Amino acid sequence: MPGFQSAKVSRAPKSRAWDGSRSGSGAAPLDLAGRLEALVAANAPPKAVYGPSRREAPARLPSARGHAKRCPVCGQRFGHFLRFGLNRRRNARCPGCGSLERHRFLWLYLEGALRLPQRRLALLHIAPEAGIRARLAGLPRLRYRAIDLYRPEAAAMDATRLGFPDASFDMILCSHVLEHIAADRQALAEMARVLRPGGHAVILVPLDPRRTATYEDPAAETAGERLAAFGHPYHVRICGADYGARIAEAGFAVTRVDSAALSGHRRRYWRLNKASLFDCRRL
Ligand SMILES: [Zn+2]
């Protein structure tokens, strides 16, 4: 076969550094993969990682000009959102307020389904997201309290020991917190205690609905062991399809709401991904 034997095999190009390392002088900022590697190697405590909220990126970055997407949290329009995450997923982070997909989903539910801006109520925000906190702070009829173990912009308080009297709140927001707490049943019991009967807790956890049973392993103690077991250095479980039942045990009527219930057009416009929240009415 003419040409076959003489065909040259082209050399694969040298792979570029992918792990945040680089040669030459000058300190390069670590990328997320590099940071993850470093904190796992040092078994850094969460306090070393979850510091004050970083300043949000300036609005209207040149690369995000346009109007195809709208952030429901800050109300600004952009051509696209920014990349975010270990895999640098596209169209994730709002250039205006820093919201991620799940924050936009949560806000749409609070605004559309629960009509939060129109209501007069006392709300407890556990580990507040900067963009949503800013929106809530602007609602004149809301009596707003925020707590966080690590961020100085909220009162320092442990979610498993809430320093509030019984039935103090009409609503609690708790997004992506419980997967960090070993005693999550205790945190749920505290939420039920400080909510008035009929009040709502809106709870989000990273959910893997293909798992029928929530996976926990107390033997995973270091950041590296938790990363291997749960896919995150500070998570203590992978929540499965049964997690709503665990919430219900604390005294809630639980409804799971999926972002997939929104039309494809809306999900693209607001740039949402697959996410679920639990709307939990205190019995
Ligand atoms: Zn925004």
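1. How many bridges pair strand β11 with β12, and in which sense, parallel or antiparallel? Strand β11 (residues 252-258) and β12 pair over seven bridges in the antiparallel sense. Pairing here takes at least two DSSP bridges between the two strands.

2. A word on what you are looking at. This is a predicted model, where local features need pLDDT of at least 70 and side-chain atom pairs count only at pLDDT 80 or more, while totals for chains, interfaces and linings use all residues. Residues are numbered from 1 along each chain as its sequence is written.

3. Now the overall tally. The protein has eight helices and 12 strands; these are DSSP runs numbered from the N terminus, with helices being H or I of at least four residues and strands E of at least two. Buried residues account for 31% of the 283 residues. A residue is buried if 20 or more other C-beta atoms lie within 10 Å of its own, exposed if 12 or fewer, and partly exposed in between, with C-beta atoms placed from the backbone. Of the contacts between residues at least 6 apart in sequence, 64% join residues at least 24 apart. A contact means C-beta atoms, placed from the backbone, within 7 Å.

4. On to the sheet. Six strands form an open sheet in the order β6-β5-β7-β8-β12-β11, with mixed pairing. The edge strands are β6 (142-147) and β11, each of which pairs on one side only. On average, neighbouring strands of this sheet are turned by 20° against each other, direction ignored. For the angles, axes are lines fitted to C-alpha atoms (for helices, over the stretch in contact), and values run from 0 to 180 degrees between N-to-C directions.

5. Here is the parallel part. Strand β5 (residues 121-126) runs parallel to strand β7 (residues 169-175), and four bridges join them. In that pair, histidine 125 has leucine 173 of β7 as its bridge partner. Helix α3 (residues 101-113) packs on the sheet and touches β7, β8, β11 and β12, its direction making about 150° with that of β8. Helix α4 (residues 130-137) also packs on the sheet, touching β5 and β6, and its direction makes about 150° with that of β6.

6. Together β5, α4 and β6 make a right-handed β-α-β unit. Right-handed means that, with the strands pointing away from the viewer, the path from the first strand over the helix to the second runs clockwise.

7. Back to β12. Strand β8 (residues 195-204) and β12 run antiparallel, joined by four bridges, and valine 202 stands opposite aspartate 279 of β12. Why is β12 largely enclosed by the rest of the structure? Because five of the seven residues of this strand (residues 276-282) are buried.

8. What about the core? The largest nonpolar core has 52 residues, and those with the most contacts inside it are Leu106, Ile172, Cys174, Met191, Ala201, Ile203 and Ile247. Elements giving two or more residues to this core include α3, α5 (184-194), β8, α7 (243-249) and β12. Domain 1 (32-93) and domain 2 (101-282) both contribute residues, so the core lies between them; the domain bounds come from an automatic or database domain assignment. A nonpolar core is a set of buried Ala, Val, Leu, Ile, Met, Phe, Trp, Tyr and Cys residues joined through C-beta atoms within 7 Å. Leaving aside residues up to four places away in sequence, alanine 201 touches Ile172, Cys174, Met191, Leu195, Phe252 and Cys280.

9. Two backbone spots to check by eye. Alanine 127, in the loop between β5 and α4, has a phi near 55°, a positive value in a residue other than glycine. Alanine 127 is partly exposed, with 19 other C-beta atoms within 10 Å. Alanine 167 has a positive phi of about 55° although it is not a glycine, and is found in the loop between β6 and β7.

10. Last, a loop residue. Proline 206 is found in the loop between β8 and β9 and counts as partly exposed, with 17 C-beta neighbours inside 10 Å. Not counting residues up to four places away in sequence, proline 206 touches His176, Glu179 and Cys239.

Note on methods
Contact = placed C-beta atoms within 7 Å.
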